[in-house]
Amino acid sequence: MVEMDIAEVGRRAGLPASTLRFYEEKGLIVPLGRRGLRRVYDAGVLQRLSLIALGRVAGFSLEEIRTMLGGEGQPRIDRGRLTAQADLLEARIRHLRALRDGLRHAAECPAQSHLECATFQRLLTAAGSGRLGPRRRASPAAPL
């Protein structure tokens, strides 16, 4: 079995030791033990850290990631949860595309004033109603 100390894991994963200790505290990774004062991990921790990174990028909380990774080494990834997260991302993408398109139109609009532009007025209405603000996880993005 290949063993790596915390410094080697951090170097290979591109993470500071403080993050590894935090992940350990949260139950996301488990060291094999210690060699002197340093934590020692098996090589499988690198794959686990990659799964954590993917989960974070996909928008999952650390608690959700911990649940999906399980404690016995084999991930228990809920496919329904993945589908639901993909749906949330799709809604966010639609929302951001609509916002991008509205801003591009406003930048190129031939109207004398943005306030005379119907598209810009829709953007203002959406902003005023809170539809352009940050989205909570459970609510899909409303179209402009």
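Tutor: Gladly! Let's start with a cysteine: the sulfur of Cys-117 has its closest cysteine sulfur in Cys-109, 3.4 Å away, which is too far for a bond. Keep in mind that this is a predicted model, where local features need pLDDT of at least 70, side-chain atom pairs count only at pLDDT 80 or more, and totals for chains, interfaces and linings use all residues. Residues are numbered from 1 along each chain as its sequence is written, and side-chain values use heavy atoms, with hydrogens and water left out.

Student: What is a disulfide, and how many does a search of the whole structure find?

Tutor: A disulfide is a covalent bond between the sulfur atoms of two cysteines. Here, a pair of cysteine sulfur atoms must lie within 2.5 Å to count. The search of the whole structure finds zero.

Student: Why is Cys-117 called buried?

Tutor: Buried means under 20% relative accessible area, exposed over 50%, and partly exposed in between (1.4 Å probe, protein chains only). Cys-117 has 5% relative accessibility, so Cys-117 counts as buried.

Student: And what makes Cys-109 buried?

Tutor: Its relative accessible area is 17%, which is under 20%, so Cys-109 is buried too. Across the protein, buried residues make up 26% of the 144 residues.

Student: How many helices and strands does the protein have?

Tutor: There are six helices and three strands. Helices (H or I, at least four residues) and strands (E, at least two) are DSSP runs, numbered from the N terminus.
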